[in-house]
Amino acid sequence: MSAFIVLGAQWGDEGKGKMTDYLAEEADVVVRFQGGNNAGHTVEVGDKQYKLHLIPSGILYDDKLNVIGNGVVVDPKALFEEIGYLEKEGVKVTPEKLIISDRAHLIMPYHKILDKLKEEARGKNDIGTTGKGIGPCYTDKIERCGIRICDLMHEDVFEEKLRENVAMKNSYITKVYGGEALDVEKVLMDFKEYARKIKPFVKDTSVQVYDGIKANKTVLFEGAQGMLLDIDHGTYPYVTSSNTTAGGVSNGVGIGPNLITSAVGIAKAYTTRVGKGPFPTELNDETGEWIREKGHEYGVTTGRSRRCGWLDLVIVKSATRVSGLTSLAVTKIDTLAGLEKIKVCVGYKFNDEVLDYFPASLDDLAKCEPIYEEFDGWDESVADARSYDNLPENAKKYLRRIAEFTETKISIVSVGPKRDQTIRIDEL
Ligand code: GDP
Ligand code: IMO
Ligand code: MG
């Protein structure tokens, strides 16, 4: 029995999609446990590139069960658009391959409207959300007025909840934000169609995942976002609205934490962030620009350019602590190839102290000064390496320092976006 987690160890976009696809080969079941279609996971197989948002990255295999757990927020419009996209690309999405939790909350049209209106109202203090309705949907879940997929399966229940919610939200949209009211009849009609289409996929996924683990199946939990976007442990309020760390798995799937055997943290060889918020090692210079272009650092979901900076090991170390990471997968070391010198942050100078953890207060964080170590760079040959021994010595030195500082072994090194551009070093 094995049930392991793939998590982002930074601010998202670390290469979770690629690593999930690579590791899914060893798995029977791939499960999303939080977030929604704010995620953008890229998988490259052969000469094809797939962009996934809501559907687990195991869908590209024909023989894996993919699960959207109860902790995920589901926009049915986005779901069927993604299914349509995949089918067009020749990937089958059937109820045998994909199941969706009846407890998952629905992202409703008013959530998307409110996401945008709230961001506009925040003005210069906006979070820089993806605009997919994630925050407002999780708000309703906690407020206890959300609508779940099981409600959608009961026409009368759904209609009552929808009318109540639309009345409330319309008054909020129009009176507080001066927006345009939603037509409840139109929403009702659209959702009747979604109910019909989603029904074959709907299951109690907690039971299915639990039974799978008990039957000795290998289960992979695919995280979205990353450590510092976690609602509790991230750079609040510049975070997403779910627990992106390992603790989110148990609640977001409905299985006991004792069933989870390992957790691999995906860390890019440098750091990126989309959206607003602090970023101590950000490079607002030519090097940052060089990394963005070489690493194609543009958002999969929104197309926004990603902010780039040096690898911050304080962040990765925090991720190992918070999620109990058993190993790290380091991605995109090929992107750094060609730089003469590479810096790595190994602490923050804060007043007279040196911190090796991320402070809670953003005011304190603003006073932190990164402490850097400098490494000699490596050449492009790294992208062709298929074993650890083939990596340039300077790249190995860099990797050894990451493992040493975070006190966590590196199990995988990724040297390119494709499935086969992956070097397995150790067990997860
Ligand atoms: P995710 O959200 O964590 O799944 O990551 P994204 O897909 O948003 O962004 C990662 C990007 O880097 C994608 O375009 C991947 O195809 C690409 N990628 C992943 N691993 C590597 C790697 O080792 N080298 C290079 N050059 N690209 C990679
Ligand atoms: P993957 O899974 C990077 C960021 C947004 C914004 C903040 C809140 O591809 O790594 P939200 O729409 O969730 O309320 O936005 O979180 N964000 C991501 N950044 N990768 C992601 O997902 C992200 N999902 C959300 O940019 O700063
Ligand atoms: Mg992404």
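Q: Which residues of helix 4 (residues 134-143) are buried?
A: The model is predicted, so local features need pLDDT of at least 70 and side-chain atom pairs count only at pLDDT 80 or more, while totals for chains, interfaces and linings use all residues. Residues are numbered from 1 along each chain as its sequence is written, chains are lettered from A and ligands numbered from 1 in the order in which they are written, and side-chain values use heavy atoms, with hydrogens and water left out. Helices (H or I, at least four residues) and strands (E, at least two) are DSSP runs numbered from the N terminus, and buried means under 20% relative accessible area, exposed over 50%, partly exposed in between (1.4 Å probe, protein chains only). By this criterion the buried residues of helix 4 are Ile134, Pro136, Cys137, Tyr138 and Asp140.

Q: Which elements are included in what covers the buried residues of helix 4?
A: Contact here means heavy atoms within 4.5 Å. The cover of these buried residues includes strand 6 (73-74), strand 8 (105-106), helix 3 (109-122) and helix 6 (155-176).

Q: Which residue follows helix 4 and has a positive phi?
A: The phi of this residue is near 75°. The residue that follows helix 4 is arginine 144.

Q: How many residues apart are aspartate 13 and glycine 40?
A: Aspartate 13 sits in the loop between strand 1 (2-8) and helix 1 (16-24). Glycine 40, which counts as buried because its relative accessibility is 12%, belongs to the loop between strand 2 (29-32) and strand 3 (41-45). The pair thus links distant parts of the chain, at a separation of 27 residues.

Q: Which residues come nearest to ligand 2?
A: A residue is near a molecule or strand if one of its heavy atoms lies within 4 Å of it. A backbone N or O atom of aspartate 13 is 2.8 Å from an oxygen atom of ligand 2, and a side-chain N or O atom of histidine 41 is 2.7 Å from an oxygen atom of the ligand. Of the 20 residues around ligand 2, the nearest are Asp13, Lys16, His41, Thr130 and Thr240.

Q: What distance separates a nitrogen atom of ligand 1 from a side-chain N or O atom of aspartate 334?
A: Of the 19 residues around ligand 1, Lys16, Gly17, Thr42, Asp334 and Ser414 come nearest. A backbone N or O atom of lysine 16 lies 2.7 Å from an oxygen atom of this ligand, and a polar side-chain atom of arginine 306 lies 2.9 Å from an oxygen atom of ligand 1. For the nitrogen atom and aspartate 334, the distance is 2.7 Å.

Q: Which side chain joins that of aspartate 312 in a polar contact of 2.5 Å?
A: Aspartate 312, in strand 14 (residues 311-312), is buried and has no salt bridge (a side-chain nitrogen of Lys or Arg within 4 Å of a carboxyl oxygen of Asp or Glu). A polar contact is a pair of N or O atoms within 3.5 Å; within protein, one must be able to donate a hydrogen and the other to accept it, and residues adjacent in sequence count only if both atoms are side-chain atoms. The partner of aspartate 312 in this contact is tyrosine 348.

Note on methods
Lys and Arg count as positive and Asp and Glu as negative; His and the chain ends are not counted.
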